[in-house]
Amino acid sequence: MAEALLSGDPEKFAVEFRKQAEEKNRREAEERALLTGDPFDPEVQRRIAASIQQANVNANMEAAMEFSPESFGQVHMLYINCKVNGHHVKAFVDSGAQMTIMSKACADRCHISYLMDTRWAGIAKGVGVQRILGRIHMCQISINNDHLQCSFSILEDQQMDMLLGLDMLKRHQCCIDLRKNLLVIGTTGTETPFLPEAELPENARLNRSISATEQDRDMAEAMLKSAEASAGKPSSQSQPPATSAPSTSAAQSTSSRGPTPIYPEHLVQTLISNGFSRQQAEQELAQTGGDLQKALMNLLAKSLSMPPMPK
């Protein structure tokens, strides 16, 4: 589905969309066949067990969505503002990391690379594997008005600038207060707030998932751009220009369908090219006020619960 969307070809996307709808209907037919199959057949028993397991998974997810919807939200990482050698750095607070690390790029930017001891080079293993270039044994970092001594392991390919690990947090008796959303430096009593989402660095948003609304909007925009490029028509976002009165023959051809629609014909043709009838296209355009994106998304959603239109 994603490849069909990115291709920008409405026909390819419509075919893939129909395939997924047919696959859904096929699975529903198989589930109905289980009810009439031989209960002593090992294959039927296996499929029944798989169906029961999936039903339990769906029920668990529905219960979570009803009673703890916050579990589906995104949790943002804990960052604080600090300074290293007078240079501003956004540091990631990670009590699950064994050591405090810094990227080679950040060390160069803070002009402390010349202090790196390459005898401490090695490999850092965790979620992934990264190369340790060396270690800076002592460097001063500033958090608010406090000046704290810290050591860094310099990593070759590290996306975040700096990570405050458990070694630094324990050395300065730091406390992560999630109720007040701040970091408490135990040795000095200083409190520094965690950064809000708007101030987080870009690498803190790399795992952000695209919401369903954004996916729908991107899909509609991609299909709309493809249709406009092939037809050479203006975007549906702009109002159609006023036209002169239709000719007698045109009036006769539209009189059988009622009043002349208030939306351009190329919008109707775009919906028809995606496998929908003229009546469906005109009805959805009328309901959405001529918005092609909304009309297309409504028709695609409705087609999941109805059989394909006859050719």
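Biologist: What share of the protein chain is buried?
Modeller: Buried residues make up 33% of the 311 residues in the protein chain; buried means under 20% relative accessible area, exposed over 50%, and partly exposed in between, with a 1.4 Å probe and protein chains only. Please note that this is a predicted model, in which local features need pLDDT of at least 70 and side-chain atom pairs count only at pLDDT 80 or more, while totals for chains, interfaces and linings use all residues. Residues are numbered from 1 along each chain as its sequence is written, and side-chain values use heavy atoms, with hydrogens and water left out.

Biologist: How many helices and strands are there?
Modeller: The protein chain has ten helices and ten strands. These are DSSP runs numbered from the N terminus, with helices (H or I) of at least four residues and strands (E) of at least two.

Biologist: Which residues touch the most other members of the largest nonpolar core?
Modeller: They are Val84, Met102, Ile141 and Met162, in a core of 30 residues. A nonpolar core is a set of buried Ala, Val, Leu, Ile, Met, Phe, Trp, Tyr and Cys residues joined through side-chain atoms within 4.5 Å.

Biologist: And which element gives the most to this core?
Modeller: That is β5, with five residues. Another core lies apart from it, with 15 residues, including Phe17 and Leu267.

Biologist: How do β1 and β5 pair?
Modeller: They pair in the antiparallel sense over two bridges; strands pair if DSSP finds at least two bridges between them. β1 and β2 are also antiparallel, over six bridges, and cysteine 82 stands opposite valine 89 in β2. These two strands, β1 and β2, form a hairpin with two residues between them, and asparagine 85 in the turn has a positive phi of about 55 degrees.

Biologist: New topic. Is glutamine 158 buried or exposed?
Modeller: Glutamine 158 counts as buried because its relative accessibility is 15%. Its place is in the loop between β6 and β7.

Biologist: What does the side chain of glutamine 158 make a polar contact with?
Modeller: Its partner is the side chain of glutamine 130, at 3.2 Å.

Terms used:
A polar contact is a pair of N or O atoms within 3.5 Å; within protein, one must be able to donate a hydrogen and the other to accept it, and residues adjacent in sequence count only if both atoms are side-chain atoms.
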